Each structure stands twice: as structure tokens, then as C-alpha cells.
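Open the model in your viewer and keep the selection tool at hand. The stops below can be followed in order.

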Amino acid sequence: MKIGHLVTLWRSFSGIGLLLGTLFFAAALTPTLIPRSPVTQGILSGCAFAAGYGIGVFWRWLWRYMELREPPDDWRDAVNLGIALLCVVLTIIFLRQAVDWQNSIRSLMGLEPVMTGHPLQVCLIAALTFLALLALARLWRAVYRFVARRVRRFMPRRVANVVGVAVAVALFWAVTNDVLLRLALRGLDATFAQYDALIDPQAAQPASPLKGGSPASRLSWEELGRAGREFIISGPSADDIAAVSGREALEPIRIYVGLRAAETPEQRAELALEELIRTGAFRRSLLVIATPTGTGWVDPSAMDAVEYLHGGDIATVAMQYSYLNSPLSLLVEAEYGTDSARALFSRIYGHWSSLPKAQRPRLYLHGLSLGAMHSERSTSLYEMIGDPIDGALWSGPPYESRTWRAITEARNPGTPAWLPEFRDGSLVRFMNQDGFPAEADAPWGPMRIVFLQYASDPVTFFSYRYLYRRPDWMAEPRGPDVSPQLRWFPVVTMLQLALDMAVNSPAPMGHGHVYAPAHYLNGWVAVSDAPGWSPEGLERLRQHLTREVERAAEAEGHEAAYQNRGG
């Protein structure tokens with residue numbers, strides 16, 4: 001390449017863009033809610049640099065568009081060189097701080113500190129990410145200019161520019177959304193569907209008629225899907241429960257309807273009701289409608305806890321609505337998941353509400369992550385005000401959960417956004433790993449709703465508004481597992497939380513989006529009471545549930561304890 005070409009290439013870069021990009025890069029190294037690996041840190045830093053550089057380029061364009069005076073080329077070259085050197089110094093300084101920032105989160109979560117931030121790896125991945133985004137931006141600019149030049153032949157220059165921008169945006173949107181995204185989602189859906197159909201050699205068909213997919217069930221074992229089979233076989237038996245509680249126990253009823261069982265949500269909901277009636281679920285003390293995550297996964301920590309707590313005198317029903325994981329399902333099938341949850345609730349609630357109140361089980365809702373959002377949307381207080389359900393335990397509700405967001409925004413003055421208090425606490429309460437903020441003996445009303453959430457959960461505490469607005473949950477006092485060194489930066493904080501949510505790096509149990517069985521147990525005690533359990537017995541049960549998760553992790557591999565968490 002000739003020297004003249006290099007000079008032209010150098011002058012094509014924006015000095016303001018380089019400076020803003022470097023400041024955004026540095027801000028992206030600061031901590032957010034969960035620890036990051038060098039790869040995710042590199043991708044995040046590259047995206048942040050690109051965002052800052054893009055703002056700088058837009059500023060340069062706006063300056064020229066307003067026809068303001070520009071500095072001479074020689075003077076501009078010297079300034080840009082000085083900016084480049086300053087950017088190198090700033091990058092080195094902030095990279096040296098990255099390790100301390102990451103360890104400020106890891107120490108709060110009980111993780112071993114890291115000794116290096118892998119600066120070379122972070123910089124290389126960030127550079128590749130930025131160059132890829134820069135190439136896309138320049139391709140878009142080339143399309144815009146190509147269209148504008150041709151339109152300019154018969155339209156005024158600025159009108160032609162507007163047309164060029166509109167055509168380039170429409171073309172890129174169509175290619176990205178209608179071609180690339182559709183093909184990608186179609187491929188991902190097929191991949192997830194094939195994974196869902198896999199039969200685990202250890203997943204033996206249950207013999208008990210109280211389980212969906214058993215020989216006595218109308219539901220085929222193969223049609224339950226992988227997530228459904230895992231849910232059916234993962235629960236404790238009556239003997240397991242009796243061994244911990246020291247009392248006689250019943251075999252819990254578990255019903256799961258997979259996507260392959262019927263064509264429509266209404267047909268699958270009808271199958272679920274038929275299975276509940278067949279197994280005698282409406283003669284149990286508790287009935288739980290559990291809405292799974294995107295892939296159909298139901299957190300065993302949540303269901304095991306309530307089954308132990310109530311001596312197996314409980315029935316649980318779940319219905320799959322997607323093969324995609326929760327972020328993808330939220331993106332492309334959000335309403336379908338709600339429609340599915342709505343169909344299941346309506347069918348079961350209709351039958352349940354027709355039964356004599358003294359002879360029917362207490363009815364509860366449960367959901368984790370995307371399942372919490374769909375479970376929340378499956379009903380409304382208005383339609384059951386004359387005959388309300390008994391309560392709900394929703395864990396890790398996504399930021400799009402309307403009821404959760406409305407209650408959080410209407411919280412009592414002076415209570416933190418990460419653990420709000422709502423009015424007198426008789427209807428809705430929030431809890432985290434430390435329990436409830438209100439007094440434990442505060443009276444409940446006829447219906448009890450508990451939101452279990454961790455202050456370090458990016459799925460719950462992400463919002464697009466953080467592009468320009470500081471989150472309320474950053475105010476003091478902060479959550480118990482939120483770094484004191486976390487700061488808000490325009491644009492960058494939103495990018496940080498978006499990547500934390502999308503990648504969902506495994507946090508240790510009891511932090512991030514990984515909800516611990518002991519905390520589920522506390523939530524179920526509050527929602528459904530715990531007859532016959534002493535404080536010592538509940539503590540023994542918490543320890544047992546924790547050991548079960550630890551044993552599963554040791555038996556199945558390092559990632560087993562976190563497998564499928566968050567959908």
C-alpha cells in the first residue's frame with residue numbers, strides 16, 4: 001500500500017471518535033452485575049468502542065453538515081496523533097485496573113480472585129469486534145452513497161441524501177431481519193428441537209401412574225421432550241421425603257406436556273387437565289402450575305423444595321411452549337409463550353374454581369425467568385377477584401414483566417429498587433438471599449405473591465432506558481452482591497447489562513440468575529406455610545437440598561449445577 005493511501009486511510013478516522021471510543025472501551029472494563037470472561041469482556045469492549053467511535057463520527061458529520069469551519073489538515077493530523085497517543089495511555093491504565101474491578105464482584109460472590117485480566121486477549125477480541133462493526137458501517141455508507149448519487153440526478157441533493165439513508169436502512173433491515181435472522185432462528189429452532197428430542201440413556205420411563213409419560217399416562221414418554229423427561233424423573237420419591245422429614249409422605253404428582261403432544265396450546269392444556277384428573281391431583285393439598293423457561297426447563301430446585309416441604313401432598317403441572325432458549329424465545333415468540341401459559345391456566349382454573357372450596361387443593365403459580373413473565377401474564381386479578389388463587393412464587397422475573405415492573409416503580413418511598421416494599425405487604429413481597437425486608441410476622445391477605453430476585457441478576461435488572469438514565473438500583477444502599485465500584489455510564493452500562501443478560505455467564509449458586517434451593521424453600525414457606533416443620537427441621541431441609549445440588553454437580557460435571565439455568 002502506498003504512503004498516500006495510508007495517509008488517506010488515517011485521515012478517514014475520526015479523532016473525536018477515537019477518543020470517545022477509548023473512553024467507552026475503558027468504561028466497559030468496569031464491573032457490572034456478574035463476572036465476565038476475557039472473551040465476553042473483549043466482545044463487550046469492542047462493541048463499546050464502536051459505539052463511542054460512531055458517536056464521534058456522527059459529531060464530525062454534523063459539524064460539516066452545519067458548514068462550520070474545519071481546521072487545516074496539518075493541524076488536524078497533529079491533533080489526531082496526540083489523541084491516538086493519549087488513547088494508548090488510557091487503554092493501558094484502565095486495563096491494569098480491570099483485574100481489581102472483576103475481583104470486586106468475585107469477592108462478594110465467594111469466588112477465587114483472578115490474577116490477570118488477559119489484556120492482550122481482551123484487546124485482540126475487542127479489535128476484531130470493532131473492525132467487523134466498522135466494516136458493516138462502511139458497507140452501509142457505501143450503499144447510502146450509491147443510492148444518493150443516482151437519485152441526485154433528478155432530485156435536490158439533500159432530498160437525495162434522505163432517500164439514500166432510507167433505502168440503505170430499509171435494505172440492511174430487510175437483509176438482517178427477514179433473511180439472516182430468519183435463517184438463523186430457523187436453524188436454531190431445528191437444533192434446539194433435535195436436542196429436545198434426544199433420549200438420555202439414564203432417563204428411564206417412570207413406572208408410577210402418578211407421573212406423566214408413565215405406561216398409565218396418555219402422554220407418550222418420547223413426546224415429553226428432553227426437558228419434560230428431566231422434570232418428571234428428577235423429583236424426590238415418597239421414601240426420599242420421609243427420610244428427611246421423619247414423617248410419612250406421599251408420592252408427588254408431576255405432569256408435563258411437551259410441544260409434540262398436540263398441535264395447539266388449547267389441545268395441550270386439555271391433555272394436562274385430563275392427566276391431572278386421572279392422577280387425582282385435585283385431591284391433593286397443593287396444586288402448582290409451573291411455567292417453564294424458553295427451552296421447557298423447570299428448575300428442580302424450586303419444585304423439589306415445595307414437594308419436600310409439603311410431604312409430597314402436591315401435584316405440579318407444566319407445559320412446554322418453545323424449543324428456543326429464553327433470550328431467543330423472548331425476542332421472537334414472546335406472545336406465544338404468554339398464550340400457552342394463558343391456555344393452561346384458564347383450563348385448570350376453570351375446573352378448579354368449579355370444585356367445592358373445602359374439597360379442592362390450594363392453587364399456586366410458579367415460574368423462573370421467562371417462565372415467571374409468562375406465568376405472571378397468564379392471569380389477572382380482575383378475572384379471579386371473586387375466587388382468587390392462593391398465591392405465586394416468581395423467581396428472576398425478566399425486565400419485561402409488566403406486573404413486576406409496575407409494582408417496583410410504585411414501591412414504598414425509601415425502599416430500594418432491588419428489594420422493594422409494596423404498601424403493607426399483605427399481597428406482594430420481594431425477597432432475596434437474605435430473606436424479606438419486612439417483618440416476618442406481618443399479616444398476609446387471602447392471596448400471597450412473592451418475587452424472589454437477586455440484586456446481581458441482569459435478566460431482572462436490565463433496561464433499555466439505561467442508555468441514557470442511571471438505574472435506581474445503583475443508589476445506596478446497594479444489593480449485598482453488587483460491586484461498590486459499579487458506576488453508570490451512558491450507552492456503556494446498557495451494553496454491559498445486555499451482554500451479561502444474553503451470555504448469562506454462570507454465577508455461583510445464590511447469585512446472578514442461578515437461584516439456590518435454600519432460597520426457593522424460604523419463598524415457598526412464605527407463600528404456602530410449612531405445617532409441622534420446626535425451625536431446626538427447615539434448616540435441616542435447606543442443607544439437604546443444597547447437598548443434593550452439590551452431589552449432582554460432582555456426579556455430572558462442572559457445569560451440571562448450572563445446566564439450562566435461565567432457559
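## A tour by selection

Select R149 to begin: its relative accessibility is 46%, so it counts as partly exposed (buried is under 20% relative accessible area, exposed over 50%, partly exposed in between, with a 1.4 Å probe and protein chains only). This is a predicted model, in which local features need pLDDT of at least 70 and side-chain atom pairs count only at pLDDT 80 or more, while totals for chains, interfaces and linings use all residues. Residues are numbered from 1 along each chain as its sequence is written, and side-chain values use heavy atoms, with hydrogens and water left out.

R149 sits in helix α5 (helices are DSSP runs of H or I with at least four residues, strands are runs of E with at least two, and both are numbered from the N terminus). A patch takes residues with over 30% relative accessible area and no salt bridge, joining like charges within 9 Å and nonpolar side chains (Val, Leu, Ile, Met, Phe, Trp, Tyr) within 5 Å.

Next, select I16, F58, W59, W61, W63, Y65, M66 and L68, which make a nonpolar surface patch of about 810 Å² (areas by the Shrake-Rupley method with a 1.4 Å probe; for residues, only the protein chains shown count as cover). Helix α3, residues 38-65, gives the most, with five residues. I16 belongs to helix α2, residues 15-28.

Which residue forms a salt bridge with K211? Select E251: the closest N and O atoms of the pair are 3.9 Å apart (a salt bridge is a side-chain nitrogen of Lys or Arg within 4 Å of a carboxyl oxygen of Asp or Glu). K211 lies in the loop between α6 and α7 and E251 in the loop between α8 and β1, so the pair ties together parts that are 40 residues apart in sequence. K211 is buried, at 7% relative accessible area, whereas E251 is partly exposed at 25%.

Move on to R342 and E383, a salt bridge with its closest N and O atoms 2.6 Å apart. R342 is in helix α12 and E383 in the loop between α13 and β5, 41 residues apart.
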